[in-house]
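Visitor: I would like to learn how to read some backbone features. Please take me through a case.

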2 protein chains.
Amino acid sequence: MLAAARAEFAERGYDKASIRAIARGADVDPALVHHYYGPKEQIFAAAIATDFAPALEAPDVVQAGGPDALGERLTRFILGVWENPDTREQLLAIVRSAVANETAAAVFRDLVTTRLMTRIAGELDIPDPKLRSELAAAHLVGVAMLRYVIKVEPLASADLEQVIAMVAPAVQRHLAGDA
Amino acid sequence: MLAAARAEFAERGYDKASIRAIARGADVDPALVHHYYGPKEQIFAAAIATDFAPALEAPDVVQAGGPDALGERLTRFILGVWENPDTREQLLAIVRSAVANETAAAVFRDLVTTRLMTRIAGELDIPDPKLRSELAAAHLVGVAMLRYVIKVEPLASADLEQVIAMVAPAVQRHLAGDA
């Protein structure tokens, strides 16, 4: 059922996805989908928790080393997830649903807040750790949007190591609590 | 016709928008829409050139002062465009079409490249001016995504001046060509 839900949300977006189609894809009764997951937004929550799983390892990346190279580790990890065509398509499907629909945005926001930002902020010994880790994340989100989604040149074709070298210091400053 | 096209693309997205519906909205024959604008992607180009017009003033903002406070001027200007509910909806409609459809992304990319990034890069006396102005833009795009679209807290409710104060130095470093 989860695989059918992920496929349906990826193909049709949150708005257009139907529990009936998910049930058909899983070859079960629609009532069973509802029984297991509840309403559409809860099915979506379960689907994106799986699709977003690669990015959810970011807090482990933050923990796996000292604070000095944190910006570089996190930048390399997040851009690495986007470099992979399979995980890129999964993230892109989530972004499409979240920018198109307020409920999908709220479900994604809860996932990002509880499973990603709160955990990363908990590792930081700086003022305003949540706000600063969100600004660091914002930079990486924006680079991903322009490089992998809108594909603006020269950023889209720039060498990954050059991009990491130019972005990591800004991410590091946010996470270190610098001005 | 342009107003009808903007309304149709905003409401239904690039994929679903039809020339027939645009013609109906403008109370003209579909052949006339095609005669004036050509195929759908050219109508979309004309529509987003109007919807994206507020952001296209950014190069003037870059020019209107010295290089030292450039990051702060540009950050204040772009977040100001997003703070306005009307222009926010226009930008959001473009983002929705561009993340959902490759052709719409290409049309938006051309607009951003020729009317925004090339002009801003032309004002900068640094190495890799295009790449660096795109990284500065990426940071602002990401802040807009998390603050105004996904609405992650505390960033979504943070005081605008605090956000500008925390983001502008990173934008400034990109535009000044610092590491």
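Guide: We will go through an annotated span, then some backbone angles.

Guide: This is a predicted model, where local features need pLDDT of at least 70, side-chain atom pairs count only at pLDDT 80 or more, and totals for chains, interfaces and linings use all residues. Residues are numbered from 1 along each chain as its sequence is written, chains are lettered from A and ligands numbered from 1 in the order in which they are written, and side-chain values use heavy atoms, without hydrogens and water.

Visitor: Which feature does UniProt place at residues 1-55 of chain A?

Guide: The unreviewed UniProt entry gives "domain: HTH tetR-type" there. Such annotations may be inferred rather than shown by experiment; positions follow the numbering used here, and feature names are shortened. In the model, residues 1-55 of chain A are 78% helix and 0% strand. Helices (H or I, at least four residues) and strands (E, at least two) are DSSP runs, numbered from the N terminus.

Visitor: Is the peptide bond from A:Glu153 to A:Pro154 cis or trans?

Guide: Most peptide bonds are trans. This one is cis, with omega near 10°. A:Pro154 sits in the loop between helix H9 (129-149) and helix H10 (160-176) of chain A. In chain B, the bond from B:Glu153 to B:Pro154 is cis, with omega near 10°.

Visitor: Is B:Asp27 buried or exposed?

Guide: B:Asp27 is exposed, at 71% relative accessibility. Buried means under 20% relative accessible area, exposed over 50%, partly exposed in between (1.4 Å probe, protein chains only).
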